[in-house]
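This briefing is meant for a reader who is coming to the structure for the first time. Please keep the sequence and the 3D view at hand while reading.

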Number of protein chains: 2
Amino acid sequence: MTKVYNFCAGPAMLPEAVMQQAQQELLDWNGQGCSVMEISHRSDAFVALATEAERDLRDLLGVPDNYKVLFTHGGGRGQFSAVAMNLATKQDAAAYLVSGSWSKSALQEAGRYVQAHAVASVSEHNGLFTLPSEQAWQYPDNAAYFHYCPNETVDGFEIPEPPSVALPLVADMSSNILSKPINVSDYGVIYAGAQKNIGPSGLSVVIVRDDLLDRARPDTPSILHYATLAKHDSMYNTPPTFAWYLAGLVFKWLKSQGGVDAMAARNQEKADTLYGAIDGNDFYVNRVDPHYRSRMNVPFQLARPELDDAFLAEAHDAGLIALQGHRSVGGMRASIYNAMPLEGVQTLVDFMHDFARRNG
Amino acid sequence: MTKVYNFCAGPAMLPEAVMQQAQQELLDWNGQGCSVMEISHRSDAFVALATEAERDLRDLLGVPDNYKVLFTHGGGRGQFSAVAMNLATKQDAAAYLVSGSWSKSALQEAGRYVQAHAVASVSEHNGLFTLPSEQAWQYPDNAAYFHYCPNETVDGFEIPEPPSVALPLVADMSSNILSKPINVSDYGVIYAGAQKNIGPSGLSVVIVRDDLLDRARPDTPSILHYATLAKHDSMYNTPPTFAWYLAGLVFKWLKSQGGVDAMAARNQEKADTLYGAIDGNDFYVNRVDPHYRSRMNVPFQLARPELDDAFLAEAHDAGLIALQGHRSVGGMRASIYNAMPLEGVQTLVDFMHDFARRNG
């Protein structure tokens, strides 16, 4: 196998050690004589796995006892609907901060269920994408919750601290969960599609405060109904068991690496290295207000966009794959989640220097 | 690894050849240098995989061009909601045939969205579970569709031919899809959670006739919205990519085995072998009307239920695993989906004869 560094935004690379373990035990997990994906989710062995994965996640994020942790179907977009259906009535409003394309999609989906209102939106200011200050945000009356996306995968826009709001705070952490310590008590609901920092696509993790479990619309589908999932330990229906298993391996790996504090330091070093290369060479540009630059997804453009195809082709040949920017914005994007080692970023930076030198 | 035969009802065993291929290419799929679960669902390589999987499924089942095939999140239970939300208004009724525990659950879930009505229910008659004749079924007025479950996993109850109804026919084929030829044109919607005859849990396959795509309630969540999924080739949101990949391998395997005709013959032989062992020995009993006996899930009881634990323990020691009946009904259940080889059933039957001889 050619050694590659995979910068895909998602489904993203998983830790190499996790993938090797998964391969080794794919046909015979835990002495069962079959794969972990071939056993009942209600078997003692799987329930033990599931319980341990939840415990490890609780340890990593310091989830208080008055929060439930759910493992469920439907990805991040499933939660766009679930949040609105679980937390609000049709008569309620909801406050959405639009910091990029995912929070905009969340706002649109919520509009099917509530009076969803943008309190503020990202915009270009002096050539950089930024947000208005919190003092300028416009709240609707009767908002049942406040939704935001702390890291926007497409836009490379990360909000470093949770906003100060008096409403239950809902965070779509799909692309930065477990990348740094958080204070779970700041949030009413945290959710994440797994396919960036947790595991393969097909799994969502939801962390929900107990007092928010009694608000669901009666027509909330069972697979999205927080209280039902909580009551049944996420096994009201058959969960995505192999994805849950892989998530558990990732949690163990994170613990072995020193937990989210260690990941935060490593992620900062990776981001500093990459933004340093962009800022240090006129050949590259990133147009996000430095305060909001993402540590997870680093979009950049070439000063000469006609070289985009050459950049991507030569990078691919050098084992640096999946660097194409999202189809809606073009250019390049390097996603550097927890699983990306520093060497991957250094290899990319070396390539960028070399490409600029040859084409500058 | 101890050789085991895995009779789990789901998540169920997958074909050995499929699991071996998945293991072999888990770290480097298709020369990508990474796992298939680590690449974008929008990459050329994954789109090619997805397209080919759909084509193979269409070939296997003979899906006409006026049907869409969707690969989505949410399992069978997600479809309990999706069917009602996509096919009916709140004012509509819907007709449900209750042939066991899954169709009963489907009826209950649909009750959140429509006037869901049981047209007939399974009941015990002369000691055997059976259904009233079609002539005795009671239809509600204004039914938008007719829902049934051709194979009930818990109850071991299979309806051999689709009922003759004038409404769009919706079939939950989670546990018998691809086990025999069907005429897709008989149906309006066919859906199946993957984890019995298709792949791992976390994926659903939906086959829906084009003319049913314009009926969805406006508050149908995007991840359950057939027209949205169809319009975006099941990639409006990130699909469960690894499960889709495994499903594709299973479809290839099915083709290599001779397709659903060959499967039907093999499944009949397996079922005949197992029911023959049950009927041939007073030590064992199956209480389903022979007309409705499932070829996929064979529940049976011991004449002396106090021996259940010994039967299960000794079977497990003999490499015959996951034979415990569903927690709601007890006893034993052998699930013998496509992936179960005839030798597995023969080994079970030999064990059953031996156990009966020693304890009879």
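Which residue in strand 14 of chain A stands opposite Val285(A)? In this predicted model, the residue opposite Val285(A) in strand 14 of chain A is Gln301(A). Here strands (E, at least two residues) are DSSP runs numbered from the N terminus, as are helices (H or I, at least four residues).

Because the model is predicted, local features need pLDDT of at least 70 and side-chain atom pairs count only at pLDDT 80 or more, whereas totals for chains, interfaces and linings use all residues. Residues are numbered from 1 along each chain as its sequence is written, chains are lettered from A and ligands numbered from 1 in the order in which they are written, and side-chain values use heavy atoms, with hydrogens and water left out.

**Confidence**

- Chain A has an average pLDDT of 96, and 99% of the residues score at least 70, where pLDDT is the predictor's confidence in each residue, from 0 to 100.
- The scores of the model are ipTM 0.97 and pTM 0.97.

- Three strands of chain A form an open sheet in the order 13-14-16, and their pairing is antiparallel; two strands pair if DSSP finds at least two bridges between them.
- Strand 13 (284-285) and strand 16 (332-335) of chain A are at the edges with a single partner strand each, so one side of each has no neighbour in the sheet.
- Strand 13 of chain A is joined to strand 14 (residues 297-302) of chain A by two bridges in the antiparallel sense.

- Six of the six residues in strand 3 (residues 93-98) of chain A are buried, that is, under 20% relative accessible area, with exposed meaning over 50% and partly exposed in between (1.4 Å probe, protein chains only).
- From strand 3 of chain A, Ala93(A), Ala95(A) and Leu97(A) point one way, while Ala94(A), Tyr96(A) and Val98(A) point the other way.
- In a regular strand the side chains alternate between the two faces of the sheet.
- Strand 3 of chain A pairs in the parallel sense with strand 4 (residues 115-121) of chain A over six bridges, and within strand 4 the bridge partner of Ala95(A) is His117(A).

**Lys196(A)**

- An unreviewed UniProt entry annotates Lys196(A) as "modified residue: N6-(pyridoxal phosphate)lysine"; such annotations may be inferred rather than shown by experiment, and feature names are shortened.
- Lys196(A) is found in the loop between strand 11 (189-193) and strand 12 (204-209) of chain A, and it is buried, with a relative accessible area of 11%.
- Leaving aside neighbours within four places in sequence, the residues in contact with Lys196(A) include Ala9(A), Thr153(A), Ser174(A) and Tyr337(A), contact meaning heavy atoms within 4.5 Å.
- A polar atom of the Lys196(A) side chain lies 3.0 Å from the backbone oxygen of Ala9(A).

**Thr130(A)**

- Thr130(A) belongs to strand 6 (residues 128-130) of chain A and is buried, at 13% relative accessibility.
- The side chains of Thr130(A) and Asp289(A) are joined by a polar contact of 2.7 Å (a pair of N or O atoms within 3.5 Å; within protein, one must be able to donate a hydrogen and the other to accept it, and residues adjacent in sequence count only if both atoms are side-chain atoms).

**Cysteines**

- Zero disulfides are found over all chains, a disulfide being a pair of cysteine sulfur atoms within 2.5 Å.
- Cys8(A) is in no disulfide, and the nearest cysteine sulfur, in Cys34(B), is 8.0 Å away; Cys8(A) is buried at 5% relative accessibility.
- The sulfur of Cys34(A) is too far for a bond, because the closest cysteine sulfur, in Cys8(B), is 8.0 Å away, and Cys34(A) is buried with a relative accessible area of 3%.
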